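This briefing is meant for a reader who is meeting the structure for the first time.

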Amino acid sequence: MKDKENLDDGDTIIEFQGVNKWFGNFHVLKDIDLNVAKGERIVICGPSGSGKSTLIRCINRLEEHQEGRVTVDGIELTDDVKNIDAIRSEVGMVFQSFNLFPHLSVIDNLVIGQHLVRKLPKLEAQEIAINYLKRVQIDDQADKFPGQLSGGQQQRVAIARSLCMKPKIMLFDEVTSALDPEMVKEVLDVMIDLAKEGMTMLVVTHEMGFAREVADRVMFMDEGQIIEENKPDNFFDKPESDRAKLFLSQILHQ
Amino acid sequence: MMTDSIIRDHIPDREPPIKNRGLFGWIRVNLFSTWYHSIITLLLFWAVSNILVFLFDWGILNAVWVGDSAKSCPNMEGACWAFITDRWKLIVYGLTPAESHWRINLFYALAGITALSFVISFGKYSSKIRTVFFIGFPVVSYFLLLGGILGLSNIEPDKWGGLVLTLVVACCGIFGSIPLGLILALGRYSKLPVIHYVCAGFIEFWRGVPLIVVIVTFVALLPIFIPDGAKIDVVVRTLIAFAVFNSAYMAEVFRGGLQSINAGQFEASKSIGLTYWQMMGYIVLPQAIRNSVPALVNTCISVFKETTLILLIGFSDLLGIVQISLEDPTWLGPPHIFASGYTFVAIVFFIFCYGVSRYSRRLENRSNLSNEG
């Protein structure tokens, strides 16, 4: 694990400087400053509506910020379409509701991006796809359609779909929230493996076990602000801010 | 206080009870499950069988099949199919000259083969073979029907008639309006205000005017407003009118399909770096069009039936030919001849529309397979 103090600027891969965003009149992100180093694993938690998802969606510009600067791998996010495309090809994202393409088979879900965006020939893309499906242990379902798989299997395919684009950063947006309890572990195991390989990850989740095992930092958000940043063990055992204490007491009593 | 724990053994699967199985089981469960259910079943059986007996008596037993004038059909209790068999050439070939009837026959044959190619499976070559027919059929038909190439004599479009004209207007109306409708739907879906409002305005305008007005305007008034408009053949102008008018309906069908696509599909496409057109072409439209199939077929069927309106501007489509023939003095007579003529038209339209409807059910079932498994 890296110490924050030892990071120099060359290691920073995501930088937020004074980022603000509104939905209409609703101030959803307030003065966000954030530095993420290469290979760092960050868990973001907080009550619903606190802006966690919006924050990570600003990184691949599924949401636009209105004030401040967002820089990803040295490229500043502006309205320039080329910048957006360049950043999206380096940032993978996995969603709560899987969002696999239901009209394509599992393997084609993985091939289409490689073929269209990375311009790989279909055969090569298929080979890569099978390798990633093996990695998430679902290569035996390659020719099925997403609707024929369980939620956990679909989510693992979704992770493989992002990975085969060879991203430098992976964003996970509450990826286990829509899963039946017995399927959460199979998805978390894939994510833990990924973390061990040194992928830069921003994970919105309330899975404490996962946070303790892999996170370098936990960020607690409330009402559009980052209220508290801490080491995972410190955060869960002795949170410093009152709001974090309240939040943790609520999720523990569920 | 906690109760003691109870643990049960595993129960193996068993067959369903015998009264729910087999033909008798099916009849009992589905037709005679309760006393009022039984009464409804018997009443409907009685009504349907009476109608079928009447149709059989009228249409087959008491029908006259051959004859050359109204005098051949004196029996009011039976259909007068003699009228149809006497006029079949007009119905099938319109007013095209006899020496070019082989071209019309070839057109029908090609139409039939093309339709078949979409029903029969050719394994992995299916989509290639279908594409060849889908593009080849209109191109070949164009030259077969108009001539002017490879020594084929010219046929003026106003000589087309009967089933040929109905099919040409329907096909051009349907396959012209679908791509135009798709473009309009995408435009209306656009976030750019100018494109959005132009497309929305276009759609609302054409949906707001009656088809008759559109056709009459294109055919009768266009030459007055635009001098060059008179040079465009009157049949072609009708075809354009049909395509443009129906494109507004098609656009709304596709808009429904687009709205059925979850926002997550757009986000997932963007997150793997697809451009707007890649996202639309490979992810959104394939699903949107699939979801539009039932409404699309509904619109196609109504376009097909609306083609009969062209008889109001003097064209003799299938209905027009039958109507003109009915007014011919040799066939002027008792009303059952009228009834026979219109019944025939109804049967022909029903066969086409029912065929299209069955085909769309097949498409729906197939796409359900890949969606839900």
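How many residue pairs are in polar contact between chain A and chain B? In this predicted model, the count between the two chains is 6 residue pairs, with both residues at pLDDT 80 or more.

**The side of chain A that touches chain B**

- α2 (81–88), β6 (91–94) and α3 (106–116) of chain A each supply at least two residues of this side, and α3(A) gives the most, with 3 residues.
- By residue class, the side of chain A that touches chain B divides into 13 nonpolar, 6 polar and 5 charged residues.

**Extent of the interface**

- In contact across the interface are 24 residues of chain A and 21 residues of chain B, and the area buried between the chains is about 2,000 Å², with carbon and sulfur atoms giving 61% of it.
- A:Phe101, A:His103 and A:Leu116 are the residues of chain A that lose the most area to chain B, together 29% of what that side buries.
- The rule finds 1 salt bridge across the interface, in which the side chains of A:Arg57 and B:Glu267 meet at 2.7 Å, N to O.

**The sheet of chain A**

- An open sheet of 6 strands runs in the order β6-β7-β8-β3-β9-β10 in chain A, with mixed pairing.
- Because β6 and β10 (225–230) of chain A stand at the edges with a single partner strand each, one side of each is left without a neighbour in the sheet.
- Strands β3 (residues 41–45) and β8 (residues 200–204) of chain A pair in the parallel sense over 4 bridges, and A:Val43 has A:Val203 in β8(A) as its bridge partner.

Key
Residues numbered from 1 in each chain as written. Chains lettered and ligands numbered in written order. Predicted model: local features only at pLDDT ≥ 70, side-chain atom pairs only at ≥ 80, totals over all residues. Heavy atoms only, no water. Contact = heavy atoms within 4.5 Å. Buried area = accessible area lost by both parts, 1.4 Å probe. Salt bridge = Lys/Arg side-chain N within 4 Å of Asp/Glu carboxyl O. Polar contact = N/O pair within 3.5 Å; in protein donor to acceptor, adjacent residues only side chain to side chain. Nonpolar A, V, L, I, M, F, W, Y, C, P; charged D, E, K, R; others polar. Pairing = 2+ DSSP bridges.
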